[in-house]
Number of protein chains: 2
Amino acid sequence: MKPLVFTHPPLQVAELLLREAFSKRKLIVMFCRCSVVYEGRSATILGEGDRLVIVKPDGAVLVHRPRGYSPVNWQPDSQLLEAKLEGDVLLVRSLRAKPRELLEIRVSRVDTLIVAEEMVDNAEFQELIDEAEIRDTLARHPELIEPGLRIVTVEKRIEGRGYADIYGVDSQGRHVVIEVKRVTAGREAVEQLRRYVDAWRKENPQAPVRGILVAPSITEPAAKLLEEYGLEFRKLDLKRIRKILEEERKGKKQPSLLSFVKKGGSAG
Amino acid sequence: MKPLVFTHPPLQVAELLLREAFSKRKLIVMFCRCSVVYEGRSATILGEGDRLVIVKPDGAVLVHRPRGYSPVNWQPDSQLLEAKLEGDVLLVRSLRAKPRELLEIRVSRVDTLIVAEEMVDNAEFQELIDEAEIRDTLARHPELIEPGLRIVTVEKRIEGRGYADIYGVDSQGRHVVIEVKRVTAGREAVEQLRRYVDAWRKENPQAPVRGILVAPSITEPAAKLLEEYGLEFRKLDLKRIRKILEEERKGKKQPSLLSFVKKGGSAG
DNA sequence: AATTTCATATCGCCG
DNA sequence: CGGCGATGTGAAATT
C-alpha cells in the first residue's frame, strides 16, 4: 500500500484529485476545513470546522470531528460521488439512492489529502462468541438450562411473530419456549419472549407452555414484568459457555487465539 | 490545522511518534498493515491486512477496513494508550476501564502516519428534525392525527412501563394513547403501544381507551398484530411535519438552512 | 450508577 | 427487497 499525500493542495487541484480517486474507487482521507449538510432520513447542518473526511472505495463517507467514536455525518454507502469547485468552495456531494439521502460537504480549505493505492485486506474477522454461538451451545447442552430438557428446534420461526431462539420439551412433557440474551436482559427481552409464548399458546390453546429467559442477568423492572407474565428466568453462566466452546474447539484442533495472532493468520 | 505527515517511518520511529502524540492528545491517522485482537464485552480477532487506524484526542480508536461505514474494531474512548515495539511488531494497546475492554493492534508496517496539530472545530451541529420534534408538532396540531382530538399530556410517564408519546381525549370523550414513530413501525412499536394501553386500562378499568400508532408506514405483520390487539394506525405525513416546522421557524426569523451554510455559520 | 429510549442506527440473515 | 433481530451497538436523557 502506498498512499499518495498532498499537502495544502489548492481547491482546484483537490477537485481533480478527488474526481480521479472517486472514479478509480480509491480510499481517500482528507483533513480539511468544511461545513456539512445532510438531507434524507433526517436533516442536519453543521457549521465550519476542521474535520477528517474519509471516502471508501464502496462509496461510504465519514465526516469525523476531533472527538468521539461516531462520525458527525456519514453515508453508509453511496451510488454517486461528485467533487465540484464552486467559487471559493469545493463541493463534495454524495448521493445514496435507497433511501434517498444527500450529503454535501463544502470544503473551504484542504490541509492534507491522502489517496490510498491498493489496500489489501482479505483477512478473516472472527467473533469468538456471539449470541448464535451461545444459543447453539445451550442447544447442545440443554442441561445447562435445566435437567431433563429436550431440544426440539433451534431458531424456530413462529408464524407472524418472529423467531424463538430455542424450542423444547421439559421433563414433564410441557412445551418450553426459550429466549437467549448475551447481555443483561431488559424489558424488551421479556416482551420478546412473551410474544413468542403468546403466539405458541394461540396455535396450541390446550397444551401447557413455559417461557424461559436465559441471560447473564436481568434488570429489576424486567424481572417484575417477567413475573407478571408468568415467565421464568434462568441465569446464563457465560464463563461456562466459553469453557465448553474452548474445549470443543480444542477437540477440533483449531488454532488458538494466541497462535493465530502470532502467525499473523489470515484467510479469504 | 497543519497535519504532520510521515511516510514509511520505521516502526521504531512510529513508536516514538505515537507515544508523543498520545501524551499530547493529538489526532492520529495511520495507514498500516496490522492484525487486531479485542477482548471485553465480546472477543474478536482479525488477521493481517491493510487498515486505516484513527486515534482521537479523547482516546477514541477506530480501525477501518477498506469498505463499509462501521469500523471493524474500535474503542469509544480509552483511558490508557500505549505504543510499544516488540521485536518486528509495533503493539498499540488501548484500554478502557468501564466496561473493561482491551484493544490490541499489532502493526507490522506503517505506510503513512499523520499527526494532526490543533483541529479547530467549535461549530454547532443542528438536527433539524427528530422524534421529539415530530411528537411536539403533532401535539401542537392534533388535527393531523384526527379531527376533534384534544391533547392532554405529551410524553406521559406510565409507571414501570416507559413513556407514552401523547395522551389525549377524542371527540367522543374517549381516552386516547398515542405512540409516534419516526420510521416504519414494526412489531415492537405495536407491543410498545399495547403496553401503554394495557397499563392505562389497568389503572382505569371502566373507561374506554383507544390506542393509535402514528408512523410514516407499518410493516405488514405489525399491521396484523395491531388489528389483533384492537389498536389503530394513522399514517404520519413527514413532509407535512417538516413544512409546518419550517414555517414556524420562519416565523421566528431563524436563518434558513441555505443562508446558514452560505455564511458558513458556526457557534459554540 | 442503572435503566430506558432514540438513532440518518448498521449489518446480516432469511423468506 | 422486506422483515426481523443482534450489536463489543453508541449516546443522551431520566431516575
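**Close-up views of a predicted model**

View 1. L46(A) stands opposite F125(B) in β9(B). Strand β3(A) pairs with β9(B), residues 125-127, in the antiparallel sense over three bridges; two strands pair if DSSP finds at least two bridges between them. Helices (H or I, at least four residues) and strands (E, at least two) are DSSP runs, numbered from the N terminus. Residues are numbered from 1 along each chain as its sequence is written, with chains lettered from A and ligands numbered from 1 in the order in which they are written. The model is predicted: local features need pLDDT of at least 70, side-chain atom pairs count only at pLDDT 80 or more, and totals for chains, interfaces and linings use all residues.

**View 2. The contact between the chains.** Chain A and chain B each give 63 residues to the contact (C-beta atoms, placed from the backbone, within 7 Å). On the side of chain A that touches chain B, β3(A) supplies the largest share, 10 residues.

**View 3. Helix α3(A).** The 17 residues of α3(A) should span 24 Å at 1.5 Å a residue, and the end C-alpha atoms are 25 Å apart, which agrees; the expected span is 1.5 Å times one less than the number of residues. The buried residues of α3(A) pack against elements including β10 and β13 of chain A and α3 of chain B.

Technical notes. Contact = placed C-beta atoms within 7 Å.
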